[in-house]
Amino acid sequence: ASDVYKRQFIFLFIYSLNVQAKVVLPTIYSDGMVLQRNQPIRIWGQAAPKEKVIVTFAGQQQVVNANTDGHWETRLSPLKEGGPYELQVLGKENQIEIKDILIGDVWLCSGQSNMQWVVNNVTNAEIEKKNANYPQIRTLNVPRRMELVPIDTINAKWTVCSPETVGSFSGVAYFFAKKVHEETHIPIGIINSSWGGTIIETWTSLEASNSISSEHLNCYTKEDKLLPPTKYFALKNKKAARNDYPSLVYNAMIHPLLSLSIKGVIWYQGENNVGNAEPYTDWLTCMIGDWRQRWKTELPFYIIQLPNFDSINKKPLWAEIREAQYKALSVSDTHLIVTSDLGEPHDLHPHNKQDIGMRVALQVLHHEYNRTDIFSESPMYQQMEIKGNKVVITFKNTGSGLEIRSRYGCLQGFSIAGEDKTFHWAQAQLKGNQVIVWSPNVTHPIAVRYNWENNPDGNLYNKDGLPACLFRTDNWLSLIHISEPTRHLRIS
C-alpha cells in the first residue's frame, strides 16, 4: 500500500487509542488465530520510530527495530501443525500477548453471496450448530467494504468454532473445513472474504486488470490502460460502488490479507457475471495469476461451478458461465467442483451448503492431503466419435464407473444436432464409460450437448456419487434458445 495509508494506519491505531509510543499489532493477530504450517510466519506492526521490538513465539525470538515511520516486521521459521501457542510482542512501553494460536492450514474462501451464506441459514441449521464442537476450526470474517487504493489492514478478529459461534461462519467454508479437519486432524483456519452481488472484475487488482484484452476493458476506458480509480471517479464526478470498476473490492478485502500465508483458495462466484460469460474465463484466469503472484506461491484454486437455477426454457446464460468456469481448468493446479444437482430452481441461494462443502473437501483431501483412496473428480467430456446416425461420447474421471441415477434407468440431459444446427433432445444409452447418443430427427449428427440449460436435469454420475460436468462439442456455434412446444434447441 501507499505511504499515505501506512501513515493513516499509524494515526488510527496509535492516536485514536491514545497509546502513543506503544507497540501495536493489526487486529488480524488476535486470540484464536490460525497460522499456516510449513511456511515462514510474518509478524508486523507499528511502534514509535526506531523503537526496539522483541517478538517471541513458539520457542523463537526475534529483535527488530521500527523504521522512521514506526513500521516494523519480522519473519519466524516455519512450524508444523500444533499449538496452542502464545505470541508476545514487547516494546519499550508495553507488551502484547496473543493467546490460543494454532498452527495448521489456512484457506481463503472468497466469492459472492453463496460463499457469504452463513450456517444460520443452511438446511437443518439448528442441528448443525448444536453439533459444531470443533475448537480447532477458526474463522476470520473479513469486513465487506471497498477502497479506491489498496490498504494494508482490516478490522477483524478470529473466532473459534463452537455451537454458539458457528452460526456466523460461511456455510460452504465450514462444512469444507469440518470434513478436512475430521479426516486430517489438522487445525483449519477459514478466511471468509466474500461479498454478495459482486462481479469478478472487482476482485482483481488494477495492475492485473490491465493485462486483460482491451475489448473486455472498453466499458471502463477508451485508452490503453485503466486509470487509477481515484482519477476515474474524479473524471466521472461520481461516488464509487463495488462493481463500478476493477480492483475496488480487491483493495479492501484481499490486499490486506497478503501478510498471512495461506494453503489455497476456494472460489464461489459468478452469479453476477451471468449474461457476460464470454470474458469470464479471461478474468478468472487473470485473477488466479494475480493472487498467486501477490502471495508469491502457486496457490491451488478450487472453483465451485454454479449450480442449477432458473427456468429450463430460457436462454442458457447459466450454462455459459458454468462452461467459462470449466475452461479455467486450463490453468495449472485448478480444480472444478460440479454442483449442477445441488441448486434450487427458484432460489439463487441453495440452502444445502453441506454437500457443496463436502465436494470441495473431497477435492482438497485428494489433491492437497494425498488421499489417493478418495476419488474426487466429476466425469468430464473427453472425445466424441460419429458412427452413422449416432455419436459415441467418451468420458474421463469415471472413477469406479459411470451410472444412471434414475428409477427408470433412462439417461437425461443429452441433445444432438445435425448439419442444420438444430438441437433435438436425444435418446442416450450408457455403455461402459461411454454414452451413445442419437435421435430419430437427426440422420447425420455433428454435435452433442449435455446439461446445456440453466436448470438441467441430467442424471449421469460416476459410481463415486459425483455428477457429470456439462459440455458442448459445438462451442464454435453461436448462442441458442429453446423454442416451444417441441423444445428443440435452435441456433439464434
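Tutor: Gly171, Val172, Phe175, Phe176, Lys179, Val180, Glu183 and Thr184 in H4 meet Lys353, Gln354, Ile356, Gly357, Met358, Val360, Ala361, Val364 and Leu365 in H10, where contact means heavy atoms within 4.5 Å. The residues of this contact of H4 with H10 comprise ten nonpolar, four polar and three charged (Ala, Val, Leu, Ile, Met, Phe, Trp, Tyr, Cys and Pro count as nonpolar, Asp, Glu, Lys and Arg as charged, and the others, Gly among them, as polar). This is a predicted model, in which local features need pLDDT of at least 70 and side-chain atom pairs count only at pLDDT 80 or more, while totals for chains, interfaces and linings use all residues. Residues are numbered from 1 along each chain as its sequence is written, and side-chain values use heavy atoms, with hydrogens and water left out.

Now the geometry. Two packed helices are described by the angle between their axes and the distance between the axes. Here helix H4 spans residues 171-184 and helix H10 residues 353-368, and their axes come within 7 Å and cross at roughly 45 degrees. Helices are DSSP runs (H or I, at least four residues), numbered from the N terminus; axes are lines fitted to C-alpha atoms over the stretch in contact, with angles from 0 to 180 degrees between N-to-C directions. H4 and H10 are therefore oblique to each other, since angles under 35 degrees count as roughly parallel, over 145 as roughly antiparallel, 65 to 115 as roughly perpendicular and the rest as oblique. H4 passes H10 in a right-handed crossing, that is, the near helix is turned clockwise from the far one by less than a right angle.

As for disulfides (pairs of cysteine sulfur atoms within 2.5 Å), the count is zero. The sulfur of cysteine 109 lies 13 Å from the closest cysteine sulfur, in cysteine 161, too far for a bond.

Conventions. Helix = DSSP H or I, 4+ residues; strand = E, 2+ residues; numbered from the N terminus.
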